[in-house]
Amino acid sequence: MGKSRSTALLIAYLLSQNPQLNPQSALDLIRQSRDFAEPNSGFMEQLSLYHNMGCPATQEALDNHPLYQRWLYQRTVEASVAAGVAPEVSELRFGDEGNAMPMNLAAEEGPANLKSSGYPSEPTTSYRCRRCRTPLATSVYLVPHNPKRPATSQPCAHLHLTPLSWMRPELEQGKLEGRLECPNQKCGQSVGRYAWQGMKCSCGEWVVPGMTLGRGRIDEVRERPRAGIGGGKI
């Protein structure tokens, strides 16, 4: 009927040809000629992802883009959780491995501009086990979310992270949820929890999947820039 699928393909073409358009403005343009055009919500979500990736022109550029990889990973996790099982070991992805590009880059933020995603391009804070001071994560691997409480309230009780390589021994056990312990074998302190089906943050927001560090179990260490020659950071 030319209402959903063909309209989605036409929107994708328009986006690739005109960087000034976004999925909604392209749809509005099409509706000038075909007013009942209405791609389903899944198509619009994928078109938004395509737009935010900068409309890659080749399959290779698409496959290698971190936002697309994150989207595929989320779908894999969702399919596993829907079946009541944890993701397969071969499907696990860790933000600090491979190309070192955090898998938590937000697909819904600015087009192809990683700095506009709300994630720091460099770590500004490190998080360490409070008992033994073992490094656990940096602010680069935080998964931001939208608190449902007033901004003046207390900070969230947990930090949400993308999966990191020190979590591997626990996540490879194939459980849907469990504890995260300090990777220092002489410590073993419980530092957080995980749940592939997601966790409700203390602020009221649901984060999927849930990989958390408890603020009461860690120390936050702020980066202190030091002035080098010419006043630059070293």
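**Entry 1: Leu171**

I started at Leu171, which sits in helix α6 (residues 168–171). This is a predicted model, so I kept the limits in mind: local features need pLDDT of at least 70, side-chain atom pairs count only at pLDDT 80 or more, and totals for chains, interfaces and linings use all residues. Residues are numbered from 1 along each chain as its sequence is written, and side-chain values use heavy atoms, with hydrogens and water left out. Helices (H or I, at least four residues) and strands (E, at least two) are DSSP runs, numbered from the N terminus.

I looked up burial next. Leu171 is buried at 1% relative accessibility. The scale is buried under 20% relative accessible area, exposed over 50%, partly exposed in between (1.4 Å probe, protein chains only). I then listed contacts, meaning heavy atoms within 4.5 Å. Beyond its neighbours within four places in sequence, Leu171 touches Leu92, Phe94, Pro163, Tyr194, Trp196 and Met211. I checked Leu92 separately: its C-alpha is 8.4 Å from that of Leu171, and the two are 79 residues apart in sequence.

**Entry 2: salt bridges**

I used this rule: a side-chain nitrogen of Lys or Arg within 4 Å of a carboxyl oxygen of Asp or Glu. The count comes to 8 salt bridges.

Arg168 pairs with Glu172, with the closest N and O atoms 3.2 Å apart. Arg168 is partly exposed at 28% relative accessible area. Glu172 is partly exposed too, at 33%. I found that Glu97, Arg168 and Glu172 form a network of salt bridges.

I moved to Asp219. Its side chain meets that of Arg130 in a salt bridge (2.9 Å, N to O). Asp219 lies in strand β9 (residues 218–222) and Arg130 in the loop between β1 and β2 (135–138), so the pair ties together parts 89 residues apart in sequence. Asp219 also forms a salt bridge with Arg133 (2.9 Å, N to O). Arg133 is in the loop between β1 and β2, so this pair ties together parts 86 residues apart in sequence. I read relative accessible areas of 43% for Arg130 and 41% for Arg133. Arg130 is partly exposed, and so is Arg133.

**Entry 3: Thr125**

I looked up Thr125 in strand β1 (residues 125–129). Thr125 is buried, with a relative accessible area of 4%. Its side chain makes a polar contact with the side chain of Arg222 at 3.2 Å. A polar contact is a pair of N or O atoms within 3.5 Å; within protein, one must be able to donate a hydrogen and the other to accept it, and residues adjacent in sequence count only if both atoms are side-chain atoms. Leaving aside neighbours within four places in sequence, Thr125 contacts Ala137, Thr138, Ser139, Glu220, Val221 and Arg222.

**Entry 4: helix packing**

Axes are lines fitted to C-alpha atoms, for helices over the stretch in contact, and angles run from 0 to 180 degrees between N-to-C directions. Under 35 degrees counts as roughly parallel, over 145 as roughly antiparallel, 65 to 115 as roughly perpendicular and the rest as oblique.

I took α3 (residues 41–52) with α5 (residues 66–82): their axes come within 9 Å and cross at roughly 150°. That makes α3 roughly antiparallel to α5. Glu45, Gln46, Leu49 and Asn52 in α3 meet Leu67, Tyr68, Trp71 and Arg75 in α5.

Last, I took α2 (residues 23–31) with α3: the angle is about 120° and the axes are 9 Å apart. That makes α2 oblique to α3. Pro23, Gln24 and Leu27 of α2 make the contact with Met44, Leu47, Ser48 and His51 of α3.
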